[in-house]
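Me: Please take a close look at the aromatic contacts in this structure. Then set them against the chain as a whole.

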Amino acid sequence: MRIARFSTGEGVSFGVVEDEFISTVAGHPFNQIQFTGERFPLAEVRLVAPMLPSKVVAIGRNYAEHAAELGNEVPEEPLIFMKPSTSVIGPGESIAYPTSLSQRVDFEGELAVVIGRLCREVPAERVKDVIFGYACANDVTARDLQKKDVQFTRAKGFDTFCPIGPWIETDLDPSDLALTTTVNGDVRQSGRTSQLIHDIPALVSYVSAVMTLIPGDVILTGTPAGVGPMEVGDEVSVGIEGIGTLTNKVVSRD
């Protein structure tokens, strides 16, 4: 099932996407889904970020070739960092390039895990019970600031630096999915989730041993090799097999 948040111009609602239509859902889909009877052509609504997470927990250097391309060692344990909730945007929204502060902003296509239950200290074998679904994400990074600051907060935390969407796919085996990132239609990243160093059960278990996760929280699982710069005017798309494609344009913030 594909769960989306959308606007018809009169507020934002949850809905279920099927066959180029979206059917409105009453309340929050983390509970039992109840349809209202309203149905709209998908082309006539505006999709927004499919959730408003309290936090986005991201994993660094979780593909060996990506770690190598930036001259980094593969960490023995998952390398976690945070992106603020204010960095989250949805499909079709613009990534704002802070041109007065950074001279290199990179795309990083990733699989996003959406948590569906309040949880902490989750054993790896029970992780599937706390996952609501999966989405595409772009862990946008001011690469020059990341190198300058050493820690990641500023480089990863700008407003609009975490596009997520286009919806949440709830019925999916994430263990071996193709992930592709394109810039203006040209393929820049091509990998598979089977190449993750630390798989999804390991990641959720590790993160939940550190902090309580609540419904709607997002874990970004890492990016494959091929990251590179975006420029103002570029259109960047992250596509994941079984989910769909998340597309955003880059504009100047200044």
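The reply below starts with ring pairs and then widens out.

Reply: This is a predicted model: local features need pLDDT of at least 70, side-chain atom pairs count only at pLDDT 80 or more, and totals for chains, interfaces and linings use all residues. Residues are numbered from 1 along each chain as its sequence is written, and side-chain values use heavy atoms, without hydrogens or water.

The whole structure holds 4 aromatic pairs (Phe, Tyr or six-membered Trp rings with centres within 6.5 Å; planes under 30 degrees apart are stacked, over 60 edge-to-face, the rest tilted). One of them joins Phe30 and Phe132, edge-to-face, at 4.5 Å centre to centre and 85° between the planes. This pair links distant parts of the chain, 102 residues apart. Phe30 lies in the loop between β3 (21–25) and β4 (35–41); Phe132 lies in strand β12 (residues 131–138). Strands are DSSP runs of E, at least two residues; helices are runs of H or I, at least four; both are numbered from the N terminus.

Phe30 is partly exposed at 23% relative accessibility. Phe132 is buried at 16%. Buried means under 20% relative accessible area, exposed over 50%, partly exposed in between (1.4 Å probe, protein chains only).

Now the wider chain. It has 4 helices and 20 strands. Of its 254 residues, 52% count as buried. Residues 24 or more positions apart make up 71% of the contacts with a separation of 6 or more, where contact means heavy atoms within 4.5 Å. The C-alpha atoms fill a box of roughly 55 × 45 × 25 Å along the principal axes.
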